[in-house]
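Subject: Structure for your review

Dear colleague,

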Amino acid sequence: MRFRRFSRSTPAVSLLGRSVGRWVVVAVGLGVLVFALVSAVDPYQETRDFRATAKCERGDDCLAEEPASIADRRTYTMTSTDSDGHTTTTTHHEVTWQRADGSRQSRDVSAGFYKKAEEGAPATLRLWRGDVVGVEVMGAEETFLPKAADSLGFWFHLAYFGLGVLLWGLLFGWWDGFFMLCFRTIAWMFTSIVPVRIATDALAYGLNSESAPLGTIIFGVFFTGIAAVMLFSTLGNTW
């Protein structure tokens with residue numbers, strides 16, 4: 001994939017030369033960063049509590065279990081196209097289970113788990129504070145992040161956004177059009193997906209091959225690198 005040098009159709013206007021504009025950007029970025037980190041405190045503690053429970057093997061403090069059955073399953077594809085017109089198609093595997101009270105829930109699962117999760121097969125759900133965090137079928141097991149970890153990931157992403165605004169105000173700060181603003185924001189946020197996912201997985205389950213498969217990490221790092229190159233290519237005449 002080739003990255004072309006961006007030509008700014010809108011003349012760059014420096015905010016760094018305008019002290020008010022510069023410090024407004026810095027203040028907004030710092031405010032968002034601090035707000036997100038403060039808001040992440042409770043989800044962080046809950047995620048740590050979950051990890052202690054998930055490591056338990058026997059006793060009242062361990063994950064609860066509930067019988068269920070596989071009600072349905074399906075595969076679907078999602079297609080994305082990059083700036084050079086290259087199309088990538090990803091296949092997702094989805095399983096739906098039915099709980100004892102008749103309610104159903106669907107989640108994306110790995111291909112290996114999907115093969116064993118035949119429709120009608122008995123399943124065992126693992127629960128934490130009423131939230132399904134794992135399901136076992138025919139010896140295959142799939143784990144999920146608790147809601148606290150998902151919430152923690154959201155606040156981490158928001159903190160990352162605030163950090164980006166802060167750094168932009170301190171180090172760069174020019175204005176060269178709404179399109180470039182959106183492009184840089186998307187590229188910057190894309191670089192946060194893998195680090196945030198690994199961090200939340202590690203806090204919930206620890207770093208292991210199941211929570212963070214090597215292939216997934218390599219794939220994620222590759223596309224994070226692409227986003228980083230796209231971002232840096234807009235910060236100067238050459239990069």
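Is R129 buried or exposed? With a relative accessibility of 59%, R129 counts as exposed, the threshold for that class being over 50%. Please bear in mind throughout that this is a predicted model.

R129 also deserves attention for its backbone. Most residues other than glycine have a negative phi. R129 is not a glycine, yet its phi is positive, at about 55 degrees. The residue is placed in the loop between β5 (122-128) and β6 (131-137). M138 likewise has a positive phi without being a glycine, here of about 50 degrees. Its place is the loop between β6 and β7 (140-143). M138 is exposed, its relative accessible area being 59%.

As to the overall architecture, the chain contains seven helices and eight strands. Of its 239 residues, 36% are buried. The accessible surface amounts to about 14400 Å², and carbon and sulfur atoms account for 60% of that area. When contacts between residues at least 6 apart in sequence are considered, 67% of them join residues at least 24 apart.

Helix α5 may be of particular interest. The helix spans residues 178-190, 13 residues in number, and its first and last C-alpha atoms are 18 Å apart, close to the 18 Å expected at 1.5 Å a residue. Its buried residues include M180, F183, R184, A187 and W188. These five residues cover an arc of only 125 degrees around the axis, which places them on the same side of α5. F178, F179 and I186, by contrast, are exposed on the other side of α5.

I turn next to the aromatic side chains. A pair of aromatic rings is described by the distance of the centres and the angle of the planes. The count of aromatic pairs comes to eight. One of them joins F50 and Y205 in an edge-to-face arrangement, with 5.3 Å from centre to centre and 90 degrees between the planes. This pair links distant parts of the chain, since F50 belongs to helix α2 (residues 41-54) and Y205 to helix α6 (residues 193-205), 155 residues apart. The two partners can also be described by their accessibility. F50 has 0% relative accessibility and therefore counts as buried, while Y205, at 22%, counts as partly exposed. Elsewhere, ring pairs link F35, F154 and W155 into a cluster.

R73 lies over the face of Y114, 4.4 Å from the ring centre. The charged end of R107 is positioned over the ring of F144, at 4.2 Å from its centre.

D108 is a residue of strand β4 (residues 104-109), and its relative accessibility of 35% makes it partly exposed. Leaving aside residues up to four places away in sequence, D108 touches Y76, H92, H93, E94 and F144. D108 and V95 are 13 residues apart in sequence, and their C-alpha atoms are 6.4 Å apart in space.

With kind regards

Methods
Residues numbered from 1 in each chain as written. Predicted model: local features only at pLDDT ≥ 70, side-chain atom pairs only at ≥ 80, totals over all residues. Heavy atoms only, no water. Helix = DSSP H or I, 4+ residues; strand = E, 2+ residues; numbered from the N terminus. Expected span 1.5 Å × (residues − 1). Buried < 20%, exposed > 50% of the residue type's maximum accessible area, 1.4 Å probe, protein only. Arc of directions from axis to C-beta. Contact = heavy atoms within 4.5 Å. Areas by Shrake-Rupley, 256 points an atom, 1.4 Å probe, with all protein chains shown as cover. Phe/Tyr/Trp six-rings, centres within 6.5 Å; stacked < 30°, edge-to-face > 60°. Lys NZ or Arg CZ within 6 Å of the ring centre and 35° of its normal.
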